[in-house]
Amino acid sequence: MTFSDPYKALMEFGRADELSMSVSVEVALGDERMSTVVPVAVKRSGENSITCAVVENVPLYYSNAMLILENGKSYSVSSMFPDYSSLLGKITALYRDVEYTEDGSACMVSISGAQAAELLQTLCPALSGETETVNSAAVETVIENGSVQSITVSASGESNGSAFEVCAVISGMETSSDAVIPEAVAEAAAQNSADTADEVIEQPVQEAPVSEETVVMPEAAPAAACEAVETVVEESAEGAETPLSASTEAVEEAVEDAMEMPLIPLDEDDDTI
């Protein structure tokens with residue numbers, strides 16, 4: 001196998017007009033454990049590539065650096081949510097820039113420094129930041145007959161004084177998808193860039209907004225880690241009479257509430273968000 005094979009295989013997979021895969025993430029932070037499985041699909045609408053990530057039965061769409069809801073309302077994605085639309089591209093770039101080792105059909109790279117921090121930021125933004133230290137990180141891509149079968153990302157380090165371990169597995173990788181892009185989402189994606197997004201989602205910070213009243217934003221709990229989206233959705237759904245997936249308006253409110261509410265940690269008796 002030549003040096004460029006994993007890179008070429010990943011590039012070829014990523015160029016497809018339609019993709020589908022499953023992203024499972026497990027996080028250990030101190031004594032707490034959490035996990036999630038997110039089906040991800042990529043479809044092309046006109047000149048735009050749109051990524052759909054189904055989080056807790058709620059479809060979230062990414063395109064042109066925007067997070068778009070089913071009703072077409074869009075937000076410039078900042079540091080709060082995992083960016084499933086950029087994950088594959090960042091992993092592909094690793095095999096262009098870093099020498100890898102082989103073990104049968106598996107091609108492995110060890111990464112550190114800025115590359116490791118950037119990949120962790122994409123998967124689990126709540127773990128990354130000034131207080132985060134990545135001790136080790138690696139990516140393993142399994143290729144059979146020139147086609148990508150799976151990708152495993154693992155990392156360990158320290159965040160906010162607690163040790164963490166992250167393992168993410170991308171599997172079920174197909175160059176087809178039965179996802180349907182809502183018309184409102186396609187129209188929002190066609191608006192050229194995130195400059196036209198309705199609002200910007202930012203991680204809450206302890207600063208006062210431009211108003212007469214000073215508001216101090218609570219710090220997001222580290223235990224929420226890579227479950228930022230699920231936690232925001234669940235917080236807004238507490239006490240709701242209907243499933244959140246049945247209400248785009250409720251999803252919209254959940255995203256907007258992310259700028260006003262802290263992320264909540266896991267219950268002590270529950271291992272999964």
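Which residue stands opposite Ala137 in β9?

The model is predicted: local features need pLDDT of at least 70, side-chain atom pairs count only at pLDDT 80 or more, and totals for chains, interfaces and linings use all residues. Residues are numbered from 1 along each chain as its sequence is written, and side-chain values use heavy atoms, with hydrogens and water left out.

**First stop: the paired strands**

Select residues 106-111, strand β8, together with residues 132-144, strand β9. Strands are DSSP runs of E with at least two residues, helices are runs of H or I with at least four, and both are numbered from the N terminus. Strands β8 and β9 pair in the antiparallel sense over six bridges; two strands count as paired if DSSP finds at least two bridges between them. Here the opening question is settled, for Ile111 is the residue opposite Ala137 in β9.

Select Val139 and its bridge partner in β10, Val153. Then move to the hairpin of β9 and β10, where two residues lie between the strands and Asn145 takes a positive phi near 55°.

**Second stop: the salt bridges**

A salt bridge is a side-chain nitrogen of Lys or Arg within 4 Å of a carboxyl oxygen of Asp or Glu. Three are found in a search of the whole structure.

Select Asp17 and Arg44, whose side chains meet in a salt bridge at 3.4 Å, N to O. This pair links distant parts of the chain, 27 residues apart: Asp17 is in the loop between α1 (5-14) and β1 (19-29), and Arg44 is in strand β2 (residues 32-45). For accessibility, buried means under 20% relative accessible area, exposed means over 50%, and partly exposed lies in between (1.4 Å probe, protein chains only). Asp17, at 48%, is partly exposed, and Arg44, at 44%, is also partly exposed.

Now select Lys43 and Glu18, which form a salt bridge at 3.1 Å, N to O. Lys43 lies in strand β2 and Glu18 in the loop between α1 and β1, so the pair ties together parts 25 residues apart in sequence. Lys43 counts as buried, at 15% relative accessibility, whereas Glu18 is partly exposed at 29%.

Finally, select Glu118 and Lys90, whose closest N and O atoms are 3.7 Å apart in a salt bridge. Glu118 belongs to helix α3 (residues 113-123) and Lys90 to helix α2 (residues 84-97), so this contact ties together parts 28 residues apart in sequence. Glu118 is partly exposed at 43%, and Lys90 is partly exposed at 27%.
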